[in-house]
Amino acid sequence: MRQISNFLSKFNANMSLDENLVVKKDDRYFLLDLNLKSLIRNDFLYAGIYLGRNENDTFLPSFNLLAMMARTEANKITVDEKSEWLFICGRDVFKRGITRLSGPRKRGDYTLILNEQGDCLGFGRITRDLNDRDEGKVAVKNIADIGDFLRRESTQKRHERF
Amino acid sequence: MSSKDFFVNRYRQLGWKYTSVELNQAIRINSMSTERIDVKRRLESRGIQLEKIPFLEAGFWITKSDFSVGATTEYLLGLYSLQEAAAQIPATLFSELKDKIVLDASAAPGGKTVQLADIMHNTGAIIALDVEKRRLSALSNHLERCHVSNTIAYHLDARQVRRLNLKFDRILLDMPCSGNFATDKEWFNRRTIEDVLNNAKLQREIMIEAKKTLKEDGEIVYATCSLEPEEDELNIDWAIKNLGLQTQNIDCYGEKGLTDVFGKKLDASIQNCRRIWPQETQGFFVCKLKKRTNLR
């Protein structure tokens, strides 16, 4: 739970998860409701809302958790349609693609990336002062984006082939 | 006689003339994440043309798209799933699903699990099983992508479902089956009647165990994407005679189940089942079962 709380605090996301309903399975965390908690056995593979996993002491959030954070006052940057597509292809965000900002804008801050419809596409880290007027430079380094679902599918297919 | 001639001859005996089919790609909009009309509008704004599938509430044919509909932002956000049209039918056949405990006995890769969660508005609980661990990764990704929150997945053979010590209100038996030629161009070269009989046996074993975990007033939906009557009408006839199950009338796309299979007369209530010969959709078979009233 500490890893999740630390992660949330990096985004100024003011949300609390009921510790009694968070279960850890190997290195992965899941959020249950009371009903699922009453039904679950220890040998489950997936349950409730997947929150993320620890890898080498780093917490890697699920896209469900990021979507939940996006419903709070967490740091957010909204991007235009072209930047949306580039971002889910794994690319960084340029200053000129940013259409709205919410929360701090200092170098090193973490931020969620949203499209114009308000959907959370992933998150990144601000690489330069966003008050800077230079539009043509990378503003947010992509850390995770929903294109990951496709990358996972291709990895699975590759594994199935061999 | 070639394998193809053998099976095509069987279909003719069952009253259907073989024709090859080209299937339209279909999607199902997940209404738990957003309004259906909004997703449709968003896809159309990207140049994807959709046509409502007349016999499905949330299903659409893709009639034109210049790129893969499995790689749009909306897909990655879980606003819709790629799901063949006939495969969208079984989950819609249950009566009230909200707040129920539902078993999805052969769940991976998860298309129908997500659909059940959607219909249930993420209430109640779905217990999703699959015997192949590799396929369960696909299920997990599907659940995460589509924001499903009411499911517990186990790596478990459906024949061992009693280990969970649960009783279910609804059971989806989307059976492991022989498939059909409409979704597999090499089907006739790959399949033999022995495969069909082996699958039919496995399906009976799953039905036996599933029925033991069904609540008294519970419902089973049995589905295969096989055209072979051993996996369809003959199995249901066997379940009626040996498991104390009875078919329920369903109102969905497809023809009545066959009651005369290669000269063998089956229980008349098999007509309640639906057989879908490949045409607009792949080949499919579906039926709804409950425990026989006088045996409860």
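Of the 162 residues of chain A, 37% count as buried, a residue being called buried if 20 or more other C-beta atoms lie within 10 Å of its own, exposed if 12 or fewer do, and partly exposed in between, with C-beta atoms placed from the backbone. The model is a predicted one, in which local features need pLDDT of at least 70 and side-chain atom pairs count only at pLDDT 80 or more, whereas totals for chains, interfaces and linings use all residues. Residues are numbered from 1 along each chain as its sequence is written, and chains are lettered from A, with ligands numbered from 1, in the order in which they are written.

Chain A has five helices and 11 strands, where helices (H or I, at least four residues) and strands (E, at least two) are DSSP runs numbered from the N terminus. The C-alpha trace of chain A spans about 55 × 45 × 30 Å along its principal axes. Among the contacts of chain A with a separation of 6 or more, 50% are made by residues 24 or more positions apart, two residues being in contact if their C-beta atoms, placed from the backbone, lie within 7 Å.

In helix H4 of chain A (residues 81-88), the buried residues are A:Ser83, A:Glu84, A:Phe87 and A:Ile88. Seen down the axis of H4(A), these residues fall within an arc of 130°, so they line one face of the helix; the arc is that of the directions from the helix axis to the C-beta atoms. An α-helix has 3.6 residues a turn, so residues three or four places apart point the same way. The buried residues of H4(A) pack against strands S6 (76-79), S7 (93-94), S9 (110-114), S10 (120-126) and S11 (138-145) of chain A, together with helix H3 (73-76) of chain B. Just after H4(A), A:Gly90 takes a positive phi of about 100°.

The contact between the chains takes 28 residues from chain A and 23 residues from chain B. On the side of chain B that touches chain A, the elements giving two or more residues are H3, helix H5 (133-145) and strand S7 (151-155) of chain B, and H5(B) gives the most, with nine residues. By class, this side of chain B has 12 nonpolar, eight polar and three charged residues, with Ala, Val, Leu, Ile, Met, Phe, Trp, Tyr, Cys and Pro counted as nonpolar, Asp, Glu, Lys and Arg as charged, and the others, Gly among them, as polar. Strand S3 of chain A (residues 44-47) is joined to S7(B) by three bridges and runs antiparallel to it, with A:Tyr46 having B:Ala153 as its bridge partner.

Within chain B, four strands form an open antiparallel sheet in the order S2-S3-S1-S4, two strands being paired if DSSP finds at least two bridges between them. Strand S2 (49-52) and strand S4 (80-82) of chain B stand at the edges, each with a single partner strand, so one side of each is left without a neighbour in the sheet. Three bridges join strand S1 (residues 26-29) of chain B to S4(B), and B:Ile29 stands opposite B:Tyr80 in S4(B).

Elsewhere in chain B, B:Ile220 is found in strand S9 (residues 214-224) and is buried, with 25 other C-beta atoms within 10 Å. Leaving aside neighbours within four places in sequence, B:Ile220 is in contact with B:Ile171, B:Leu173, B:Ala210, B:Leu214 and B:Leu289.
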